[in-house]
Amino acid sequence: GNNYQIWGGKPHAGYFSTFYEEAHKNEVNSAIKTKLEEWYKDNLLKYDSYIYDTGFCNDRSLASGYENAGFGRQETYYGAYDRLGKNKKPQFTCPQQKDLFTVTNSKGNKASTYKVGLITADEVTYAGGLYGGANNSYYLYTGFNYWTMSSLRFNSNYSSVYGLFISSVGTLNNTSRIFDAHGVRPVINLKADI
């Protein structure tokens with residue numbers, strides 16, 4: 001891609017973005033998005049009329065103090081860091097329309113093929129997940145690691161994004177880079193009249 005990458009601990013002097021919009025445009029589907037949409041097509045497409053296109057937020061807004069970051073090799077913290085790590089104020093709204101993945105809903109970016117996504121770290125917090133603290137007595141606890149749709153930061157030393165995931169002990173955790181192997185739990189939104 002256009003990002004600076006490290007292979008085997010050695011810098012790869014490839015191309016990297018020079019401004020925020022270039023670094024955060026939606027050009028290539030992630031492996032998780034591709035698999036979730038394949039799963040939806042194979043298992044839920046026949047129920048599509050019951051599922052609402054409310055969207056799934058892949059929030060890439062910038063945390064306070066990082067307004068001029070988010071590109072190149074700069075250390076960057078994203079909105080979830082402010083909301084969950086510093087202020088402890090989760091939200092249900094998506095800060096940027098371009099980060100709300102929808103199929104046809106004009107409130108989002110219309111970049112999804114099917115109405116499926118992952119839970120956000122904010123939603124996990126509302127459900128009882130604790131950022132940095134274990135909780136094995138809420139319904140999202142499974143005893144396994146699985147990804148949320150939220151990113152916490154871009155680490156310039158390792159040139160990789162750290163995503164938020166629910167750990168095997170129920171912690172809302174940020175110690176994994178997005179290429180680390182964790183499970184996924186698809187999320188859909190049913191229409192209100194179902």
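**View 1. Glutamate 75 and arginine 153 form a salt bridge.** The closest N and O atoms of glutamate 75 and arginine 153 are 3.0 Å apart. Glutamate 75 sits in the loop between β3 and β4, and arginine 153 in strand β7 (residues 146-155), so the bridge ties together parts that are 78 residues apart in sequence. The two ends differ in cover. Glutamate 75 counts as partly exposed, at 26% relative accessibility. Arginine 153 counts as buried, at 17%. Like every other view here, this one shows a predicted model.

**View 2. Arginine 83 pairs with aspartate 59.** Here the closest N and O atoms are 2.9 Å apart. Arginine 83 belongs to helix α3 (residues 79-86), while aspartate 59 is in the loop between β3 and β4 (76-77), so their contact ties together parts that are 24 residues apart in sequence. Both arginine 83 and aspartate 59 are buried. Side chains of opposite charge can pair when their charged atoms come close.

**View 3. Arginine 83 also meets aspartate 122 in a salt bridge.** The N to O distance is 2.8 Å. This pair links distant parts of the chain, with arginine 83 in helix α3 and aspartate 122 in helix α4, 39 residues apart. Aspartate 122 is buried, as is arginine 83. Taken together, Asp59, Arg83 and Asp122 are linked in a network of salt bridges. In the whole structure, a search finds nine salt bridges.

**View 4. The second largest pocket holds about 300 Å³ of space.** Its lining is made of 19 residues. Nearest the centre of the pocket lie Gly55, Cys57, Phe92, Thr120 and Glu123. Two elements give two or more residues to this lining: β3 (56-57) and α4 (121-127). By type, the lining residues divide into eight nonpolar, seven polar and four charged.

View 5. Leucine 190 is in the segment after β9 (171-177). With a relative accessible area of 54%, leucine 190 is exposed; the cut-off for exposed is over 50%.

**View 6. Glutamate 37 is a buried residue of helix α2.** This helix covers residues 31-43. The relative accessible area of glutamate 37 is 8%, where buried means under 20%. Along the chain, glutamate 37 and threonine 113 are 76 residues apart.

**View 7. Lysine 88 has a positive phi.** The value is about 55°, although lysine 88 is not a glycine. Its place is the loop between α3 and β5 (100-101). Lysine 88 is exposed, with a relative accessible area of 53%.

**View 8. Lysine 110, a residue other than glycine, has a positive phi too.** Phi of lysine 110 is near 55°. Lysine 110 is found in the loop between β5 and α4. With a relative accessible area of 48%, lysine 110 is partly exposed.

Terms used
Residues are numbered from 1 along each chain as its sequence is written. This is a predicted model: local features need pLDDT of at least 70, side-chain atom pairs count only at pLDDT 80 or more; totals for chains, interfaces and linings use all residues. Side-chain values use heavy atoms; hydrogens and water are left out. On a 1 Å grid over the protein atoms alone, a cavity is a set of points where a 1.4 Å probe fits but cannot get out, and a pocket is an open set with protein on both sides within 12 Å along at least five of seven lines; lining residues have an atom within 4 Å of a point. Grid points are joined across faces, edges and corners, and a volume is the space filled by probe spheres set on the points. Helices (H or I, at least four residues) and strands (E, at least two) are DSSP runs, numbered from the N terminus. Ala, Val, Leu, Ile, Met, Phe, Trp, Tyr, Cys and Pro count as nonpolar, Asp, Glu, Lys and Arg as charged, and the others, Gly among them, as polar. Buried means under 20% relative accessible area, exposed over 50%, partly exposed in between (1.4 Å probe, protein chains only). A salt bridge is a side-chain nitrogen of Lys or Arg within 4 Å of a carboxyl oxygen of Asp or Glu.
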